[in-house]
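Please look through the structure below and work through the questions that follow. Each answer ends on the value or name asked for.

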Amino acid sequence: MLNITTHQEQLEFLKKIEGQIRGIQKMIEEKRYCVDIMIQIQSIIGALHRVENEIFKKHLEGCVVNAIKGKSEREKQQKIDEVVELVSKFKKA
């Protein structure tokens with residue numbers, strides 16, 4: 001049976017990140033110290049990386065595993081190619 005991968009649990013983290021972004025906007029409006037703003041930006045980048053990693057992990061555990069267990073060689077190869085391309089993009093970032 002095919003499992004559908006969802007990412008509902010990541011919404012909570014994304015909402016927190018959204019709040020952090022609004023906080024940076026306020027810091028800029030208030031002309032806060034550059035270093036303090038940059039520290040907050042790095043915090044957001046780290047949080048986004050954690051969300052990205054969790055979504056990627058679930059993709060591997062769900063979508064990719066289902067394709068590998070399936071009968072379609074074409075779908076298996078598509079998922080493998082997709083993962084290789086994603087890893088290549090992650091390395092460039």
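A residue is called buried when its relative accessible area is under 20%, exposed when it is over 50%, and partly exposed in between. The model shown here is predicted.

Q: Is Lys31 buried or exposed?
A: The cut-off for exposed is over 50% relative accessible area. Lys31 has a relative accessible area of 73%, so Lys31 counts as exposed.

Q: Where in the chain is Lys31 found?
A: Helix H1 covers 8-29 and helix H2 covers 34-69. Residue Lys31 is found between the two, in the loop.

Q: What is the phi of Lys31 near?
A: Most residues other than glycine have a negative phi. Lys31 is a residue other than glycine, yet its phi is positive. The value is near 55°.

Q: Which pattern does the protein chain follow along the sequence?
A: The protein chain has three helices and zero strands. Read along the sequence, this gives the pattern α-α-α.

Q: What radius of gyration does the protein chain have?
A: For 93 residues, a compact globule would have a radius of gyration near 12 Å. The C-alpha atoms of the chain fill a box of roughly 60 × 30 × 15 Å along the principal axes. The radius of gyration of the protein chain is 18 Å.

Q: What percentage of the 93 residues in the protein chain is buried?
A: A residue counts as buried under 20% relative accessible area. In the protein chain, buried residues make up this share of the 93 residues: 17%.

Q: How many aromatic pairs does a search of the whole structure find, and which residues form the pair?
A: The search of the whole structure finds one aromatic pair.

Q: How many residues apart are Phe56 and Phe90?
A: Phe56 is in helix H2, and Phe90 is in helix H3, residues 73-92. The pair links distant parts of the chain, 34 residues apart.

How values were computed
Residues are numbered from 1 along each chain as its sequence is written. This is a predicted model: local features need pLDDT of at least 70, side-chain atom pairs count only at pLDDT 80 or more; totals for chains, interfaces and linings use all residues. Side-chain values use heavy atoms; hydrogens and water are left out. Helices (H or I, at least four residues) and strands (E, at least two) are DSSP runs, numbered from the N terminus. The radius of gyration is taken over C-alpha atoms; the globule rule is 2.2 Å times the number of residues to the power 0.38. Buried means under 20% relative accessible area, exposed over 50%, partly exposed in between (1.4 Å probe, protein chains only). Rings of Phe, Tyr and Trp (its six-membered ring) pair if their centres lie within 6.5 Å; planes under 30 degrees apart count as stacked, over 60 as edge-to-face and the rest as tilted.
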